[in-house]
Amino acid sequence: MVALRGARRRIIDLGRRALGLDVRPADHTIAALHSNENEVPGLNAREMAQFTRIRFLGATGSVLMAISGLGVAAQPVLGNPVSGVRLFGGFARWQTSSLALNMLGIVLLVMAWLLLGRFSVGGLGGAPAHRITRSQLDRTLLLWVVPLSITPPMFSTDVYSYLAQSEIAARGMDPYVVGPGPGLGLDDILTRNVPTIWLQTPAPYGPLFLWVGRAMAHLTADNVIVGVWLHRLLAVAGVALIVWALPRLSRRCGVAPVGALWLGAANPLVLLHLISGVHNDALMLGLMLAGMEFCLRAIESSRPLDRRAWALLVFGAVVIVLSSSIKFTSIIALGFVGMALARRLGVGLRPLIGSALLLGVIAIGTTLFVSWASGLGFGWTHTLNTASAVRSWMSLPTAIGIITGFGGVLLGLGDHTTALLSITRPIAGAVAAFITLRMLIATWTGRLHPVGALGVSLAAIVLLFPVVQAWYLLWALVPLAAWATQPAFRVPAVVLSAAVSLMQMPRGGDYGVFQIIEAAVAVVVVGVGFIALTRNLLPWRAQHPDAAAPMAPAAVPQSVGGSG
């Protein structure tokens, strides 16, 4: 009996430690990714001149991508206003040249972003000696965004699926049952632009997104160009919400707002995929972060939770639920708000249960209202797994299943890839769920700030998701940018963002190998030559700070609830 009790005690202790209930803060390895950042002065005269060149370098890259988009972007099959126009139509005929111009624009934009990092987060080793101000970064981001806001969609054709699914809803059909092909017909002007793989597929998006899309469809009818621009306005609005919420969340974690915005909002993945690619993930992320800020503003206030605080908390929770009505993944943020609220209310299970009940009622009530008011019902609950039809090389469980299946083919054992994926994907899902549970407990016990714990959980979900697209990486990168400051996070995040940005083709891969090689060689030659010519004009190498007086101070607020 003594041995059994001892074994039971050891199992319980092991379980508590695995969940993070008995882990001392000093031993919590995830917390080591965060540290408060100190105030540093603004740029001096020499750095200001370099910053101005960096700003226009990125703008040049954006303009080159916008111009080349007339030839290599995902332009509509029918209703293309530049088709046959002598001035603009030439870009479509000069495919290799347009591709090279587009790739050069991407390289210049990534270069500018990396160089801007020297004045935002410093080099690979630590904080910058001088930092740009928030207004300087905002104006730079705006300068880079504008050209990509007016170009045709690039790097994805998903926006055409948005248009077709919204039109299906506008015609009174159920977009969660009917795909673009059966619903609109294969010859419809909207269907002609939808990728073949999604022609028979119902919509995988939440009711709020298709509710808004249906209203747009009533306004635009079958005008593809106006429809694309309206959806891009939604994406720009989502990025604007990110720019509003991210610095406020970073202040709560003791992180410089400029550094958070540089990594989370000025990231090339945001510009290429959320703005240029017109993805609804922009609106999902913007609403999620804005809701998180409203909730934490109420929870982390030094004043008692009065009526105003509770109203702010409820409003923030509703905003988070609305974000999940675009893509359901963001509902996880509500769990971290609930843990932070339970910690604020007191110790024990009673505050935890009360917090869960309150936020559960808000989530259910808001979702019921959106589903009912939109008239779209709950069909979206049956199409959440639609994207898993794609086999993505960036998904860890999918990559393992495909590689193992290919190994079986080489060994003469047959192709068992599908069977292997049915094993690797559930295992990966269970691991992601466990990591999320541990992060929730870490938030409840106060070991991690809710923003950091949310980012870590989303990172696990993204990496272990059955399908990972390039823009999915932003689900984790954006919230983590407001909390994680150490090189152990920032260096891999920067490398991954730059590498994935450079590997993307403007229309996915509709080019011959010889075209890609020719364009890449031309870009490498131009890029190397550019670096050589500007080696003394741009901060390619780490520089010792000048003794010159700074142009302006760049204050970093103190932590208001950062993690330990």
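Visitor: Where do Arg134 and Asp138 lie, and how many residues apart are they?

Guide: In this predicted model, both residues belong to helix 5. They are 4 residues apart, about one turn of the helix.

Visitor: Why is the contact of Arg134 and Asp138 called a salt bridge?

Guide: Their side chains meet at 2.9 Å, N to O. The cut-off is 4 Å between a side-chain nitrogen of Lys or Arg and a carboxyl oxygen of Asp or Glu. The value of 2.9 Å is within 4 Å, so the pair qualifies. A search of the whole structure gives 7 salt bridges.

Visitor: What makes Arg134 partly exposed?

Guide: Its relative accessible area is 27%. Buried requires under 20% and exposed requires over 50%, so a value in between is called partly exposed. Asp138, at 25%, is partly exposed as well.

Visitor: How do you know that Glu300 and Arg252 form a salt bridge?

Guide: The closest N and O atoms of Glu300 and Arg252 are 3.4 Å apart. That is within 4 Å, and therefore the pair counts as a salt bridge.

Visitor: What makes this a link between distant parts of the chain?

Guide: Glu300 sits in the loop between helix 12 and helix 13 (307-324), while Arg252 is in helix 9 (residues 224-252). The two are 48 residues apart.

Visitor: What makes Arg297 and Glu293 a salt bridge?

Guide: The N to O value for their side chains is 3.1 Å. Because 3.1 Å is within 4 Å, the pair meets the definition.

Visitor: Why are Arg297 and Glu293 separated by about one helical turn?

Guide: Because they are 4 residues apart in helix 12. Glu293 is buried at 2% relative accessibility, whereas Arg297 is partly exposed at 33%.

Visitor: What joins Arg252, Glu293, Arg297 and Glu300 into one network?

Guide: Salt bridges that share partners join these four residues.

Visitor: How do you know that Gly69 is buried?

Guide: Its relative accessibility is 0%. Buried means under 20%, so Gly69 falls in that class. Gly69 is placed in helix 2 (residues 45-72).

Visitor: Which residues does Gly69 contact, leaving aside neighbours within four places in sequence?

Guide: Gly69 is in contact with Gln75, Thr151, Pro152 and Met154. As for Pro153, its C-alpha is 7.9 Å from that of Gly69, and 84 residues separate the two in sequence.

Visitor: What is the phi of Phe155, and where is the residue found?

Guide: Phi of Phe155 is near 70°, a positive value in a residue other than glycine. Phe155 is in the loop between helix 5 (134-150) and helix 6 (158-170).

Visitor: Why is Phe155 called buried?

Guide: Its relative accessible area is 5%. That is under 20%, so the term applies.

Visitor: What is the phi of Val278?

Guide: Val278 has a positive phi of about 55° and is not a glycine. Val278 lies in the loop between helix 11 (268-276) and helix 12 (281-299).

Visitor: What makes Val278 buried?

Guide: A relative accessible area of 1%. Since buried means under 20%, Val278 is therefore buried.

Definitions and conventions
Residues numbered from 1 in each chain as written. Predicted model: local features only at pLDDT ≥ 70, side-chain atom pairs only at ≥ 80, totals over all residues. Heavy atoms only, no water. Buried < 20%, exposed > 50% of the residue type's maximum accessible area, 1.4 Å probe, protein only. Contact = heavy atoms within 4.5 Å.
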